[in-house]
Amino acid sequence: MKKESRQNSKNNHQDWVNLDRALSKLGFCSRSQAPGYILDGRVKVNKKIQSNPFFRVNLFADRIEIDGELIEFAEKVYLMLNKPRGLVTTRSDEKGRATVFECLKDKNLPQIMPVGRLDMASEGLLLFTNDSQWANQILEPQNHVLKTYHVQIDRLADENLLRNLQKGGMTPEGDFLNCKAVKLLRSGKRNSWLEIKIDEGKNRHIRRLCAILGLEVHRLIRVAIGSLELGKLGKGEIRYLNSAEKEMLFR
């Protein structure tokens with residue numbers, strides 16, 4: 001991948017940030033992952049190990065290394081994956097389970113991070129980028145970026161059930177969960193497919209919402225984020241977003 005020149009930027013910016021934020025802005029990892037690298041003594045600033053996540057660095061003047069490798073601004077990457085079931089949305093898993101990064105091997109990508117999560121049993125549209133500012137725009141609750149899911153439940157849905165899903169309720173943990181919109185897509189003999197839209201990102205939001213009403217979720221597929229649709233992308237396949245699609249999420 002092409003590298004942006006830090007030297008060129010040095011003359012135009014004096015961008016001082018905390019070291020943990022620097023690793024995120026450089027596209028190496030997410031902001032939450034950065035302290036782990038720093039506290040483990042894997043990060044050097046100007047050839048000296050720096051174990052303080054709040055150490056101030058200049059993104060365009062200081063030399064930042066991880067495990068001896070110089071970290072530079074990478075070309076911005078924006079892509080989508082059709083996540084298969086059975087993969088964990090993380091770079092590495094303490095239980096040794098397969099992760100979504102199995103789908104990105106041998107793609108010659110810079111360090112990228114998933115934008116949000118899909119749980120292990122869920123499928124569908126998952127975004128990746130090394131642009132933390134763009135990712136944060138999607139994840140910020142106040143931006144209300146709509147996510148659309150197709151959900152198979154264990155019973156036939158009627159109007160009363162749809163109303164109750166949209167109305168929502170309280171979980172045993174004290175979280176109030178509801179959805180912005182819900183409609184029936186189709187029904188079989190014993191189950192139904194629903195389209196559910198939410199604009200929040202609480203952990204296992206739809207599964208926990210369904211559990212409030214005693215519903216079991218058989219399949220859960222994210223088919224759109226904002227107006228960006230998964231489309232016909234095959235399971236485990238990736239594709240890059242174009243400029244229009246990058247902006248489409250916020251309309």
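Good morning. I begin with L125, which has its place in strand β9. Helices (DSSP runs of H or I, at least four residues) and strands (DSSP runs of E, at least two) are numbered from the N terminus. The structure is a predicted model, in which local features need pLDDT of at least 70 and side-chain atom pairs count only at pLDDT 80 or more, while totals for chains, interfaces and linings use all residues. Residues are numbered from 1 along each chain as its sequence is written, and side-chain values use heavy atoms, with hydrogens and water left out.

Is L125 buried or exposed? L125 has a relative accessible area of 0%, so it is buried. Buried means under 20% relative accessible area, exposed means over 50%, and partly exposed lies in between, for a 1.4 Å probe and protein chains only. Leaving aside neighbours within four places in sequence, L125 is in contact with M80, L81, L118, R222, V223, A224, I225, L228 and L230; contact means heavy atoms within 4.5 Å. L125 and K147 are 22 residues apart in sequence, and their C-alpha atoms are 9.6 Å apart in space.

Let us turn to strand β14. This strand covers residues 192-198, and six of its seven residues are buried, so the rest of the structure largely encloses it. Strands count as paired if DSSP finds at least two bridges between them. With strand β10 (residues 147-153), β14 pairs in the antiparallel sense over seven bridges, and Q152 stands opposite W193 of β14. Strand β13 (residues 181-187) also runs antiparallel to β14, joined to it by six bridges. Here K183 stands opposite E195 of β14. Four residues lie between β13 and β14, which form a hairpin. As a general point, the side chains of a regular strand alternate between the two faces of the sheet.

Next comes helix α6. Of its eight residues, 205-212, six are buried, so this helix too is largely enclosed by the rest of the structure. Which residues of α6 are buried? They are H205, I206, R207, R208, L209 and C210. The cover over them includes β10, α5 (159-167), β12 (176-177), β14 and β15 (217-225). After α6 comes G214, with a positive phi near 75°.

Now to the cores. A nonpolar core is a set of buried Ala, Val, Leu, Ile, Met, Phe, Trp, Tyr and Cys residues joined through side-chain atoms within 4.5 Å. The largest has 32 residues, and F128, V151, I153, L165, L194, I196 and I206 have the most contacts inside it. Two or more residues come from each of β7 (78-83), β9 (123-129), β10, α5, β14, α6 and β15. A second, separate core has 19 residues, including A22, C29, I66 and F73.

I66 leads us to another sheet. Four strands form an open, antiparallel sheet in the order β3-β2-β5-β6. The edge strands β3 (48-49) and β6 (69-70) each have a single partner strand, so one side of each lacks a neighbour in the sheet. Two bridges join β5 (residues 64-66) to β6, and I66 has E69 of β6 as its bridge partner.

Beyond its neighbours within four places in sequence, S24 is in contact with C29, S30, R31 and S132. Thank you.
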